[in-house]
Amino acid sequence: MPWRATLPTATTSFVGRRHEVADVRRMLQRSRLVTVTGIAGVGKTRVAARAAQLMRRAFTDGVHFVELAGHNDPEQAVAQALEVTGDLAGHLAERRLLLVLDTCEHLTEECSALVQALLPAAPGLHVLVTSRHALRAPGEHSVIVRPLAVPGAEPSADLAHVESVALFLDRVTAVDASFELTEENAPHVAELCRRLEGIPLAIELAAVRVRLLPVERLLKLMDEGGPLGPADGRRGRHSTMQAAIAWSHDLCTPAERLLWERLTVFAGTFDLAAAESVCSDEALPDSQVYPTLAALVEKSIVNREPDRERTRYRMLDSVREFAAARLDGTAEADRLRARHRDHYAALASTFGSDQDEHDSDEHDRVDEVARIRADWPNFRAALESYAADTEGRERGLEMSLRLGYLWVFGGMAGYGRRYLERLLPVTQGSDRARLGAWLQLAHLALARGDLPAARRALDEAEAPAARLGALGGLRTSKMLGTLSFCEGDLEGAERHLRESVEGLAPRGGLVLLTATVELGLTLLLAGRTGEADEVLTRARALSLEAGDGGTAAWAELALALVRRLRGELEQAQEMARSALRTQASLQATFGRAFCVEVLGWLAADQGNPSRAVRLLSAAHRLWGYEVNPLFGSPYFAAEGARYHRELRAALGAQYARETEAGRAMPAEEAIAYALSSGPDQDETADVSIWAPLTPRETDVAELVADGLTNRLIAQRLVVARRTVDTHVENILTKLGFSGRSQIAAWVIRRRRPGALRREEA
């Protein structure tokens with residue numbers, strides 16, 4: 001089942017929460033809205049995530065985790081997680097999924113309004129919320145996560161079975177394997193857990209100190225500091241949690257305290273390079289950021305999270321809140337926010353835009369899209385900061401323009417359109433920037449099938465284009481060609497696109513590449529397949545040379561259509577699958593949908609009607625993520641309608657069953673099915689048993705099970721060794737495993753007949 005956002009790595013082990021997890025599961029069976037409540041640091045997210053994981057098979061459209069910390073608009077956050085650019089309620093209407101909204105206490109009213117709007121519109125939707133208090137929405141059921149049980153009058157021999165002590169021992173042995181509960185230290189351990197009132201995060205923060213200090217000494221430090229003295233009934237558990245964090249803060253070195261406070265400027269996760277850029281100065285040189293950050297990780301102030309090729313870091317909300325409160329309203333806070341947004345604006349400038357004349361061949365845009373998506377909360381925070389600052393809006397518009405490739409090719413067109421529409425009316429900027437922004441807005445409107453909005457944006461682009469002369473005209477011609485193509489005016493599309501391609505050829509850049517692909521498609525639809533083949537082959541070569549995998553994938557898909565018309569069906573199928581692999585890695589929703597659609601056409605051409613119907617039905621669902629299937633092209637729409645008529649006639653009553661099977665596929669399962677091979681797989685394959693792995697991760701996992709080393713896997717798949725290393729790390733992280741033998745056992749179980757039916761609920 002798909003897991004749409006990375007689940008924050010929890011620092012506490014799963015101790016003493018089986019009853020709460022069972023309560024959440026039972027409640028979700030009775031109610032479509034369940035809220036897990038409790039104080040900060042008590043483990044609400046862990047309980048919700050575990051319950052959701054155990055229930056994933058009950059939701060055919062998956063479990064989608066949306067972390068709301070740092071967001072001010074839950075609807076936008078959910079839309080991004082679900083990759084929806086149109087009507088969110090409409091998208092959910094026919095789906096059966098579990099939506100987990102984590103950390104909602106700062107958006108109680110907004111989240112309540114959102115679920116009240118979505119639940120009536122989507123009968124198959126269930127929502128699981130974590131918050132320090134209930135949403136107070138109609139039909140809501142709550143499960144309270146209370147602190148762990150603390151020692152009473154138990155004898156020392158039974159102390160290890162008390163929940164809070166069991167957690168303390170688990171965390172202590174993780175940092176000091178030699179630690180044992182003895183007659184001598186048992187009373188001190190019991191007292192420590194009582195003072196911390198069974199709050200998991202507070203116990204975690206204390207446990208990591210035991211490697212350096214005995215428990216008895218920790219208690220004395222608490223007494224000397226005063227904040228964690230014996231409970232007297234007047235202090236609430238929230239103050240105990242805050243006191244535990246404050247005590248940890250006091251025990252940090254000055255450099256650790258300084259970095260802890262500065263790291264609160266980040267939204268979501270961050271990497272070392274960002275921490276060095278934003279948080280260093282004369283008081284904390286960049287050479288000292290890593291050792292200081294490592295010390296905070298060791299103290300459980302910051303969590304380390306592996307992500308693709310780099311390590312990312314995250315701070316728990318309650319820990320972040322404590323340090324952020326110390327900075328709130330200070331000049332230091334303003335300085336950090338300015339450095340934060342400037343850092344991410346600088347990253348955006350190296351990424352480039354869809355209007356750049358020259359593209360660097362020093363990077364792969366596909367990999368860069370994945371990195372930016374992983375860091376999106378910080379890019380979003382930077383854009384919001386610029387948009388809210390009257391003096392920073394020009395920089396915000398430029399930043400949005402530089403992220404054009406992400407908007408167009410990275411499945412985030414809705415975000416790009418919103419920021420451009422917000423910033424363009426309140427900024428001036430250079431003619432070059434405004435032309436690029438209006439053309440980018442037109443492109444994003446076309447991606448949504450909103451032709452009138454695209455036309456309005458092109459009208460606004462005329463003035464800056466005229467002032468820029470020939471270059472402005474060539475860029476505008478390209479977008480006019482795109483609009484003509486979507487309107488079905490092939491003659492106008494060819495005229496505008498050819499003018500743009502011929503004029504921009506000496507300059508290169510993304511505009512030239514996309515114009516060349518669209519010219520090839522125009523020639524293809526006009527029946528001039530030989531010319532189309534030549535143009536598209538050149539477009540693919542130029543895109544690969546420029547490190548632009550996204551445009552190369554579109555060229556390859558268009559070439560698949562050329563091969564299809566020539567009857568070279570196997571070659572067309574391989575090209576379409578290659579394009580789909582790239583589009584899936586980019587998470588480009590309409591790109592994936594078109595690839596699956598074409599593979600459905602090819603399955604029909606190859607005499608596999610059942611497979612064809614499943615793929616076309618799955619594509620219909622993927623197109624549902626966008627407003628206008630097949631880009632509104634009358635030519636593509638007519639082709640799709642023809643296939644459906646022929647398949648309905650060929651299959652008779654079976655057509656409806658295959659349609660239902662295709663529409664029931666979650667997006668990741670549909671993509672894996674489209675990438676699978678073999679004429680009979682539409683009847684026998686059940687790719688959902690490989691969730692949550694992507695198709696490429698599944699390939700790697702199967703080769704691991706076959707006993708191949710990473711070097712041999714790289715040779716077999718014709719990829720870099722580092723790529724395989726990353727895939728193996730991702731597999732271990734997703735499955736919660738620690739070694740290759742566990743991966744092998746997991747794969748072998750799924751290779752057995754009936755594996756999915758025997759999988760645990």
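Modeller: Glu-421 pairs with Arg-417 in a salt bridge, with 3.0 Å between the closest N and O atoms. Keep in mind that this is a predicted model.

Colleague: Why are Glu-421 and Arg-417 separated by about one helical turn?

Modeller: An α-helix has 3.6 residues a turn, so residues three or four places apart point the same way. Both residues sit in helix 20, which spans residues 413–423. Glu-421 and Arg-417 are about one turn apart because their spacing in that helix is four residues.

Colleague: Is Arg-417 buried or exposed?

Modeller: The cut-off for buried is under 20% relative accessible area. Glu-421 has 40% relative accessibility and counts as partly exposed. Arg-417 has a relative accessible area of 11%, so Arg-417 is buried.

Colleague: Which residues do salt bridges with shared partners join into one network?

Modeller: The rule for salt bridges gives a count of 39. Through shared partners, one network links Arg-564, Asp-605, Glu-639, Arg-642 and Glu-646.

Colleague: How do Glu-191 and Arg-194 count by relative accessibility, and in which helix do they lie?

Modeller: Their side chains form a salt bridge at 3.3 Å, N to O. Glu-191 has 22% relative accessibility, so Glu-191 counts as partly exposed. Arg-194, at 31%, also counts as partly exposed.

Colleague: Why is helix 8 largely enclosed by the rest of the structure?

Modeller: The buried residues of helix 8 include Pro-200, Leu-201, Ile-203 and Glu-204. Leu-205, Ala-206 and Ala-207 are among them too. Helix 8 (residues 200–207) is largely enclosed because its buried residues number eight of the eight.

Colleague: Which cysteine has the nearest sulfur to Cys-111?

Modeller: The structure has zero disulfides. A disulfide needs sulfur atoms within 2.5 Å. Cys-111 is in none, and the nearest cysteine sulfur lies 3.7 Å away, in Cys-104.

Colleague: How buried is Cys-111, and how buried is Cys-279?

Modeller: Cys-111 counts as buried at 0% relative accessibility. Cys-279 is buried as well, with a relative accessible area of 0%.

Colleague: Which residues have the most contacts inside the largest nonpolar core?

Modeller: In soluble globular proteins, nonpolar side chains tend to be buried together. Here the largest nonpolar core has 173 residues. The residues with the most contacts inside it are Phe-168, Trp-260, Leu-263, Val-302 and Met-399.

Colleague: What does Phe-168 touch, leaving out residues up to four places away in sequence?

Modeller: Ile-203 and Ala-207 are among its contacts, and both are buried residues of helix 8. Others include Phe-179, Val-189, Leu-192, Cys-193, Val-210 and Val-215.

Colleague: How many residues does the second, separate core have?

Modeller: That core includes Leu-68, Leu-97, Leu-99 and Ala-122. Its size is 26 residues.

Colleague: What is the relative accessible area of His-340?

Modeller: His-340 is in helix 15 (residues 331–351). Beyond four places in sequence, His-340 touches Val-265, Phe-266, Val-278, Asn-378, Ala-381 and Ala-382. His-340 is buried, and its relative accessible area is 3%.

Definitions and conventions
Residues are numbered from 1 along each chain as its sequence is written. This is a predicted model: local features need pLDDT of at least 70, side-chain atom pairs count only at pLDDT 80 or more; totals for chains, interfaces and linings use all residues. Side-chain values use heavy atoms; hydrogens and water are left out. A salt bridge is a side-chain nitrogen of Lys or Arg within 4 Å of a carboxyl oxygen of Asp or Glu. Buried means under 20% relative accessible area, exposed over 50%, partly exposed in between (1.4 Å probe, protein chains only). Helices (H or I, at least four residues) and strands (E, at least two) are DSSP runs, numbered from the N terminus. A nonpolar core is a set of buried Ala, Val, Leu, Ile, Met, Phe, Trp, Tyr and Cys residues joined through side-chain atoms within 4.5 Å. Contact means heavy atoms within 4.5 Å.
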